[in-house]
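Biologist: Before I rely on the terms used for this assembly, I would like to hear what each one rests on. Please go through them with the structure in view.

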Number of protein chains: 4
Amino acid sequence: MGQPQQPEGTESDKPPLRVGMVGYAFMGAAHSQGWRTVGRVFDLPLRPVLAAICGRDGAAVRAAADRLGWATAETDWRDLVARDDIDLVDICTPGDSHAEIALAALAAGKHVLCEKPLANTVEEAAAMSEAAEAARARGQSAMVGFNYRRLPATAFARHMVAEGRLGTLRHVRVMYLQDWLVDPAFPLTWRLRRDQAGSGSLGDLGAHIVDLAQYLAGERLAGVSALTETFVRERPLPAAPTSGLAAVSAAGTGPVTVDDAALFTGRFASGALASFEATRYATGRKNALRIELNGERGSLAFDLERLNELYYHDATEPGTHAGFRRILVTEPDHPYLDAWWPPGHGLGYEHSFVHQARDLVHAIAEGRGPDPSFADGLQVQRVLAAVEESAEKNSLYTPVAV
Amino acid sequence: MGQPQQPEGTESDKPPLRVGMVGYAFMGAAHSQGWRTVGRVFDLPLRPVLAAICGRDGAAVRAAADRLGWATAETDWRDLVARDDIDLVDICTPGDSHAEIALAALAAGKHVLCEKPLANTVEEAAAMSEAAEAARARGQSAMVGFNYRRLPATAFARHMVAEGRLGTLRHVRVMYLQDWLVDPAFPLTWRLRRDQAGSGSLGDLGAHIVDLAQYLAGERLAGVSALTETFVRERPLPAAPTSGLAAVSAAGTGPVTVDDAALFTGRFASGALASFEATRYATGRKNALRIELNGERGSLAFDLERLNELYYHDATEPGTHAGFRRILVTEPDHPYLDAWWPPGHGLGYEHSFVHQARDLVHAIAEGRGPDPSFADGLQVQRVLAAVEESAEKNSLYTPVAV
Amino acid sequence: MGQPQQPEGTESDKPPLRVGMVGYAFMGAAHSQGWRTVGRVFDLPLRPVLAAICGRDGAAVRAAADRLGWATAETDWRDLVARDDIDLVDICTPGDSHAEIALAALAAGKHVLCEKPLANTVEEAAAMSEAAEAARARGQSAMVGFNYRRLPATAFARHMVAEGRLGTLRHVRVMYLQDWLVDPAFPLTWRLRRDQAGSGSLGDLGAHIVDLAQYLAGERLAGVSALTETFVRERPLPAAPTSGLAAVSAAGTGPVTVDDAALFTGRFASGALASFEATRYATGRKNALRIELNGERGSLAFDLERLNELYYHDATEPGTHAGFRRILVTEPDHPYLDAWWPPGHGLGYEHSFVHQARDLVHAIAEGRGPDPSFADGLQVQRVLAAVEESAEKNSLYTPVAV
Amino acid sequence: MGQPQQPEGTESDKPPLRVGMVGYAFMGAAHSQGWRTVGRVFDLPLRPVLAAICGRDGAAVRAAADRLGWATAETDWRDLVARDDIDLVDICTPGDSHAEIALAALAAGKHVLCEKPLANTVEEAAAMSEAAEAARARGQSAMVGFNYRRLPATAFARHMVAEGRLGTLRHVRVMYLQDWLVDPAFPLTWRLRRDQAGSGSLGDLGAHIVDLAQYLAGERLAGVSALTETFVRERPLPAAPTSGLAAVSAAGTGPVTVDDAALFTGRFASGALASFEATRYATGRKNALRIELNGERGSLAFDLERLNELYYHDATEPGTHAGFRRILVTEPDHPYLDAWWPPGHGLGYEHSFVHQARDLVHAIAEGRGPDPSFADGLQVQRVLAAVEESAEKNSLYTPVAV
């Protein structure tokens, strides 16, 4: 009988990329799954190590480290940032702390991955973008976490647009529909407070669809006209003010200080028209991020609730034989899929975080600035600011600052 | 061997309703099918008679009468309106002639069915509405042809909203997407000329969705913010300027003087938000009138490309068992369906005109003002006018006149 | 003021085709709509005339004539067949009377349209086929009413198969699912009695799918293996034994003598495999005739509940860009559609009868044998007989007689 | 500045469950992802440890251990089974080695997870089932890997059937459609050789759908009638005979000794009818495992290509308001979902392996026999044997041995 043998291969020989993550709620769990999985599935130039996780509550963060598989725990993000054995800081906190943490991490020479929206204000985002650019010159990478670019279907849609399948673009139609606020008894969590969340459905959902629309279109919005609304203006206070989606109600109520829904139209630089809708009141729609692009030569459509599918209409075919085709984006030649399962064996939401980690690791190893950069995050922030300005000005068309 | 027997029943004993129709293009053919069929399928209080058809080209109108089954032909609508043996004038011409014909018909004591949009201007529509109201006092009926209210699925959706299935309404999301203008070589037909069509996708498609949204919601738009665009501003002249969709191109080009696409957001009186998009450039979308309503207790969704289906989400059910259900609106207890086929045997587009005729005949026989009235048509026109005004004012939110 | 002018054109000058129809229940109403409409929409070589309708109950048939628009009524089909002023006999009765009426009509020199299944037994069907062939030599046409070949989507599917889009065929998968027998309290109507209906879901639904599968495949079944079942074996007697689907129950019960469901597999001559399922117990499925064909080069799929759509997968495209496309079969170049509405304006179930009438009129005028012929109807009957034989022989594979 | 803190919680204190896995191709990668993830997402009674991986090629298995995260590697499964530090043997090899490995592992006191089909013959499966029962008495667990029971949608479907939502069952309709053999140039991999794979689409796909159908129905098949076919009987030899789906062709050809497609009908003990189709030639269908159950009170439908969705028709509702509803099975109260993401954030194929690991760990910790047991795997094998017997006997209905 032989001896057990040690694993042997390229994986364990790779230089490590030691990750320190701040925050361990919904996004922290999703990022953990990304970091834990990426090196086991993709052949990466660096070996991600789940080095440290950080949160304010010591017992809770130690338990999170234990459960999610992080080697150590910190209770002050400043300590995390100061550690020599951390290469990358992954920021999964609410938007009001993004700027401070990211600026410190960049100053400390770390690579940074920052959840979207990049910041709660254009000013903060601009400072972050500037710092990232300076850090770029020192070889650091800073990426904003627009993970929906990393689904095989959206990545492939971008590929199809880039290869000219749509021709001149006429329309981009995007909505992000959820319904978890329909019940007026749902508590006033941090996402409903302007001081923490910056805005409501606009920053949470709208940031995603503005980025995705611009990414897929391959161009930027020139201006917007917007209308926002807060349907339920007073809600019960939650048991714990910083808790996530599944919060518990308590005595007393407080004012909702963010938008419940944001609708806006816009013009792309090329003259294409766009419509956007972000809401948490679309009863029965759970995570319906839907985007459709119509161009002179074809159209593409995607729905996050069916994330392995991409719909494509090829207008260059004879009309009798043409129609929106459902491409099951699970072929080995589709983006990211050579590392996964055979055709038809679909991926899930969390895979976007695995792929985000993959792309970031490659960018770091290759010394490239990652995509989307903090500058991209800033530009999205400027669109959101134009939306808010237009909403305040009775929907007046408002150019996006450049 | 017995003798052949004569038909015997209530049908032939009913008082006739003698219809005179003006126009015999696309809408004329559809209305003809409606008038020809309605009394053979529904048990009506009056017996529609296809008495006369009217068009400017004598040979063409006589051929149309022969083909479509009209008893006589006229070449001047004034002659048609003057005839004693006509009870109802059905106006299927482009919008620029609606007002003149309708006013004359009402003055001559006729019932009137007028295609949408009611008129090309608010002024004309207001005059028509006023005349209709006066005629109403004399027992005449005047209806505007928003035929999409007459599909079983939309009629049933209205029923469900009215019975409170949606609760407090939060969102109405409507689009009407076609693609027949994508090709820049498509000729400059009457629908692309402001003098004849009044507006472009706005009056043609937008009028439908504004009416349908308000009808289903059971309430009216308070104001709108709009953005319109003409993507292709010069097109080849058609062989025959008044020809329909399938026109032939000829030498020379001319300016497109209407909008190609219109996007607008709005607020309902109740505070619900609405988004609208009407376009002829949504490549691959042929007749995609899609509407979704989200309320506190449920949602409804409809797509004209699948017109026998209505999607309903009942938010009062346990979340684990809830979901958008596809109601096949073909049950005998659904609107209009006791007269048609067994469950699952779907109807088509043209049935909306059969049902429109049915409802109008009932209204006339019962001395009721039909629904939608000319006043309803005027109100839709006011919404469209607010859309155009907002578009001219850089999307500024513009109240709908009342 | 001018005089009203008479219609003038080719329509009224065409030679008439005087139709006499036997039966006026569901199928009678559908055929009436077909005959009434076809000449108003299509440019035909003959002008169909609704000359006579026949049924046993004098008052009822006179009322049906009045309502449906037939010029005269008969109470004995022998009288109808004997009339000189009838050119075509359209048989819409239950299957047990098809043979007798058709044979008499053919003997009397009439063209014949006979509802499916052609007969209740192979013997009757063989006699009818033989008589039709003899009549063919005398210039008469005889067609069996497999109307589902006449939908634009199925006709276009046949076109695509014929042009080689699927390559070598591997699979044909067909089901026809309804649910109107799920309730054990549904009464024992004629469709549930072997003496009148011949068989149950097999003859009613199975006949349709056997014909459609063979028509689309362009080849015939070599043999079948079958399993049938009657789930509810005793049902309440209906108020009127011959009434249709929507019957009323009465005192007492009787035995169901036909199958409720029939499942069978088969082999095509080419070696392709087929699976069939016909049932009236598929809860929630109202009229779900679904067919899918898989060939080496592509696939096609169709669902009668969405009858304006055809799904096509082109396997010759790169895998990354391929997928089932939804062809909206409403383009002017699709079968039958140059006569109807613009793209996206869908047709309904009943249009299959309009198109059936169109094709039959053309065949008669051109002296062609119509398609599907009585010989085709006989062959379908032989498949159904093989199904019943296999079911009796414990599912033993049973060749189809030739 | 504080010191980094150690993770602290229940996870690291849990007793380990040391897993040794045999095989590291497609299934090995999927199981690895399951074992790696399960303890990080679910709160388990035991802590899974990826202790050892086994394969015949030393260098390849060491590289696999390195890449997939297994602590040690073995080249002889007998060595793995003999190790004291292994608690569970997870068998991911082709079917011809299942019996030998599983019997040895059970004899060595290990828990066993064995991929489906349980074995290539009923005899082997019976021996395994017997051994598992004996081991059960010694506290060992043995589970067969029908992972498709572990999707939230299928698990919830089972729950709905069990709570009586469907009433008396009438129909179960299942197909598992893939298309990776359509190209005749695809090489003769192990899955196409009877000696290794046992059977073709029958054992690979058919085993899944037989298990899933019986699991969802909550009852077993009494007998079947079958028809199988090998469309392409000679294929190029692969570069490496044991390689997986994505094999490379080489010089020479060899005979395909398994079925390409298997169609069968059957009867459940209760009298419900079933139809099954398993094929690798359904062009354009990548992983279309579709199942529909129709009962007197309702229906359920599922498609693996949209694995987060379950369709449910409630026939106890008024017909006008009823329809198949799309339940997005992503609510926290759905099976497995309290551990994952918010509603609408879908899971993927591989999650079935995470859930399988979860359920097995619970069964082991609680000393329960896991579900599905080897006895369940044996029974599926008996159904497949009856299918093959029926196919050899000209589709004669063949009872399933008990």
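Modeller: Strand 15 (residues 309–314) of chain B and strand 16 of chain B run antiparallel and are joined by 4 bridges. Within that pairing, B:Leu310 is opposite B:Ile327. This is a predicted model.

Biologist: What makes strand 15 and strand 16 of chain B a pair?

Modeller: Pairing asks for at least two bridges between the strands. Strand 15 and strand 16 of chain B are joined by 4 bridges, so they count as a pair by that rule.

Biologist: Why is strand 16 of chain B called mostly covered?

Modeller: A residue is buried if 20 or more other C-beta atoms lie within 10 Å of its own. In strand 16 of chain B, 5 of its 5 residues are buried. On one side these are B:Phe324, B:Arg326 and B:Leu328, and on the other B:Arg325 and B:Ile327. Both faces of the strand are therefore covered, with buried residues on each under the cut-off.

Biologist: Which strand of chain D is joined to strand 16 of chain B, and in which sense, parallel or antiparallel?

Modeller: Strand 16 (residues 324–328) of chain D runs antiparallel to strand 16 (residues 324–328) of chain B, with 3 bridges between them.

Biologist: How many residues does the contact take from chain B and from chain D?

Modeller: There are 13 residues from chain B and 13 residues from chain D. The side of chain B that touches chain D has 4 nonpolar, 5 polar and 4 charged residues.

**The contact of chain D with chain A**

Biologist: What makes up the contact of chain D with chain A?

Modeller: Chain D gives 50 residues and chain A gives 50 residues. On the side of chain D, the elements that give two or more residues are helix 1 (26–41), helix 2 (58–68), strand 3 (72–74) and helix 3 (77–82). Helix 2 of chain D gives the most, with 6 residues. By class, this side of chain D has 20 nonpolar, 16 polar and 14 charged residues.

Biologist: Why is the relation of chain D to chain A called a two-fold axis?

Modeller: Chain D is superposed on chain A by a rotation of 180 degrees with 0.0 Å of shift along the axis, at an RMSD of 0.0 Å. That is why the relation is the one of a two-fold axis. In chain D, the C-alpha nearest the axis belongs to D:Gly348, 2.1 Å from it.

Biologist: How do you know that the copies meet through the same surface?

Modeller: Of the interface residues of chain D, 98% are also interface residues in chain A, so the surface is the same for both copies.

**The fold of a chain**

Biologist: What makes strand 3 and strand 6 of chain A edge strands?

Modeller: In chain A, 6 strands form an open sheet with parallel pairing, in the order 3-2-1-4-5-6. Strand 3 (72–74) and strand 6 (142–145) of chain A each pair on one side only. The twist from one strand to the next averages 25 degrees.

Biologist: Which strand is joined to strand 6 in chain B?

Modeller: Strand 5 (residues 111–115) of chain B runs parallel to strand 6 and is joined to it by 4 bridges. There, B:Glu115 has B:Gly145 as its bridge partner.

Biologist: How do you know that the radius of gyration of chain A agrees with a compact globule?

Modeller: For 402 residues, the value for a compact globule would be near 21 Å; chain A has 21 Å, so the two agree. Buried residues make up 66% of the 402 residues in chain A. Among contacts in chain A with a separation of 6 or more, 70% are between residues 24 or more positions apart. The secondary structure of chain A comes to 10 helices and 17 strands.

Notes: Residues numbered from 1 in each chain as written. Chains lettered and ligands numbered in written order. Predicted model: local features only at pLDDT ≥ 70, side-chain atom pairs only at ≥ 80, totals over all residues. Axes fitted to C-alpha atoms, helices over the stretch in contact; angles between N-to-C directions. Contact = placed C-beta atoms within 7 Å. Nonpolar A, V, L, I, M, F, W, Y, C, P; charged D, E, K, R; others polar. Least-squares fit on C-alpha atoms with pLDDT ≥ 70 in both. Rg over C-alpha atoms; globule rule 2.2 N^0.38 Å. Buried ≥ 20, exposed ≤ 12 C-beta atoms within 10 Å, placed from the backbone.
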